[in-house]
Amino acid sequence: MKHKKLQISDDSNSQQLSILLNTSKAISKAVDYETLSEALLTIIIEQAGAQRVLLLHSQGESLILEAKAKTTSEGVIFESVHCEAKWDDLPKSLVNNAIQTQKLLYTNVGQQNSPYDIDPYFQRFSGFTALCVPATKQNKLVAIFYIELSENDDRLKDEYLNTLTILTALAAAAITAARLQTDINEMNQQRQKLEKALHLADASLAIGEQISRTGSWRWELNKNTLVCSEEFCHIFDLDPSHRTISFADFAACIHPDDKKVALDRINYAVQMETAINVEYRILKADGSVLYLTGQGCPVFDSNKLVDYVGIVNDVTARRTAENALRAAQDDLVRMCRITTIGQLASSIAHEINQPLMSIATNAGAGLRWLHRSVPDLQQVSASLQAIASEGQRAGQIVQSLRTLTKNTRASLNVLDIHDVLKGILAIARREIERRNVVLVMQLNAQSSYIRGDIVQLQQVMLNLLMNAIEAMSEVSSRQRVLTISTFTKDEQVIFIEVEDTGPGISDEIKDRLFEAFFTTKKDGMGMGLAICHSIVDMHGGKLSALARQPVGSVFSFFIPLAKD
């Protein structure tokens, strides 16, 4: 719509009414802030006879240029900008003064003495009238209109200025409403984005919980109720349509054998206002049992504990797999022990044969002493004592073999590591002699009592001894020496070292010795040293290996000494 240019006349009321009507029509047609800005600047140019108009907005210490319009031969050209204003395009002194005073200011550039004449912008341009009109609403600066007119200062009558004042006042109200509507639209768009993101997050969380068998919950302490996720309800066999349950309903699902311990730990965490971390089982309606882990974090409001939020995770499958793995590992350890004992079969037969032969010999001697015409009861008694001693020795050998082949769980008891070592040497003595190995014992540890499992420690020592003996089996250019030594350190741990004069350990294999399934033996499984490493680790110690100088290798491990 082409607006009639403002003419200064005596009928100012009619002019003001006309401008107000035209402005109201333009504002009513504006659908957004940009459209409103274009309408307002166009009206100012066409109605007020302006050559150029800038719409500015004060934002903190910055001045934002939101839109600009100018008159050309082709009509009014409007541009929406929204950038920081540059003082090369407008007079800084005039604009800042209008912002501070919130009053309409103007100057006839180059035609009168004015305090604004020294402004760098006015030094570059002259021959026009510059106006700066603040648009306020309820004494709050809403916008600033900077206007340049080609008319001289004597055209700016009170009616003209009053008309601009009314127009900018109307513009201030429209701009405020438009900005508010823009903010509302942006908030609605943001809300829609957040709702969409929340919906996607909820869907992703539900899928993630279903896959990982993890349920989430919020415990409202003042109501003593749990707000649960859908997967939580599935785990506990609860109705998913009723996501809020009482804490008593949750407690009723816990396995009777675990209920007291689990609830005590939960209540203690609440009392101390700390995180909840608990493991328990639940008994389902069909009689099946699920293994669960639960974690919860406290939520505070003004330093007061109000809620707990957390998760519960179904670890039944993992627990079943762990049990199966543990059983398989126990079987593998037992098979390794049996394999090692099988390698000592001839030595074991020799060790058992010796006491049996001695028993037979002493029994024959005893009978002869007894059947003499005058029985020598003293000699008979000595023969019987020898039989008893050799029988006990044979029984100890058999008992050691039985314990090594039994598939039992680890049992940590106080024992003398020297006795364990001597028992294994008794079993391996024949193999040491058969391989022409010189045994050197240096049991220098003053304290040798540790807390451990005798079967597992026997397995470690037997494996290390057999490895050392086998390593020296092909050595012919030097003496085969097996050195076993013990010593203590800081009265805290005891070290057991097994040294040999075999080919030694190369740098290539040193870092892989304790890896499962890694072996340098032709028929080895690669599990012996790996199992020994885990056994020593379980006892609180460490197994290591290094090259011996000038030849051979040293395998050593330490175990904490038993406390009095």
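Helices (H or I, at least four residues) and strands (E, at least two) are DSSP runs, numbered from the N terminus. The model is a predicted one, in which local features need pLDDT of at least 70 and side-chain atom pairs count only at pLDDT 80 or more, while totals for chains, interfaces and linings use all residues. Residues are numbered from 1 along each chain as its sequence is written, and side-chain values use heavy atoms, with hydrogens and water left out.

**Exercise 1. The protein as a whole**

Task: State how many helices and strands the protein has, and what percentage of its residues count as buried.

Solution: The assignment gives 15 helices and 19 strands. For burial, the relative accessible area is needed, where buried means under 20%, exposed over 50% and partly exposed in between (1.4 Å probe, protein chains only). By that criterion, 41% of the 564 residues of the protein count as buried. Contact means heavy atoms within 4.5 Å, and among contacts between residues at least 6 apart in sequence, 60% join residues at least 24 apart.

**Exercise 2. Strands S7 and S8 and the loop between them**

Task: Locate Ser 216, Asn 224 and Thr 225, and decide for Thr 225 whether it is buried or exposed.

Solution: Begin with Ser 216, which belongs to strand S7 (residues 214–220) and is partly exposed at a relative accessible area of 21%. Next, Asn 224 lies in the loop between S7 and S8, where its phi is near 55 degrees, a positive value in a residue other than glycine. Most residues other than glycine have a negative phi, and most peptide bonds are trans. Asn 224 counts as partly exposed, at 36% relative accessibility. Finally, Thr 225 is in strand S8 (residues 225–228) and is buried, since its relative accessible area is 14%. Setting aside neighbours within four places in sequence, Thr 225 has contacts that include Arg 218, Trp 219 and Glu 220, as well as Thr 244 and Phe 247.

**Exercise 3. Two residues compared by surroundings**

Task: For Leu 55 and then for Lys 92, name the element that holds the residue and describe its accessibility.

Solution: Leu 55 sits in strand S1 (residues 50–59) and is buried, with a relative accessible area of 1%. Beyond its neighbours within four places in sequence, Leu 55 touches, among others, Tyr 33, Leu 41, Ile 64, Ala 143 and Ile 175. Phe 145 is 90 residues away from Leu 55 in sequence, yet their C-alpha atoms are 5.0 Å apart. The C-alpha atoms of Lys 92 and Tyr 116 are 9.2 Å apart, with a sequence separation of 24 residues.

**Exercise 4. The packing of H12 and H13**

Task: At what angle do helix H12 and helix H13 pack, and which class of residues is represented in their contact?

Solution: H12 (residues 417–434) and H13 (residues 454–471) then pack at about 40 degrees, with their axes 10 Å apart. This makes H12 oblique to H13, because angles under 35 degrees count as roughly parallel, over 145 as roughly antiparallel, 65 to 115 as roughly perpendicular and the rest as oblique. The residues that make the contact include Ile 417, Val 420 and Glu 431 of H12, and Ile 454, Gln 458 and Met 461 of H13. Sorted by class, the contact has 13 nonpolar, one polar and one charged residues, where Ala, Val, Leu, Ile, Met, Phe, Trp, Tyr, Cys and Pro count as nonpolar, Asp, Glu, Lys and Arg as charged, and the others, Gly among them, as polar.

**Exercise 5. A cis peptide bond**

Task: Which residues does a cis peptide bond join?

Solution: The bond joins Gln 549 and Pro 550, with omega about 5 degrees, and Pro 550 is in the loop between strand S18 (542–547) and strand S19 (553–560).

Definitions and conventions: Axes are lines fitted to C-alpha atoms, for helices over the stretch in contact, and angles run from 0 to 180 degrees between N-to-C directions.
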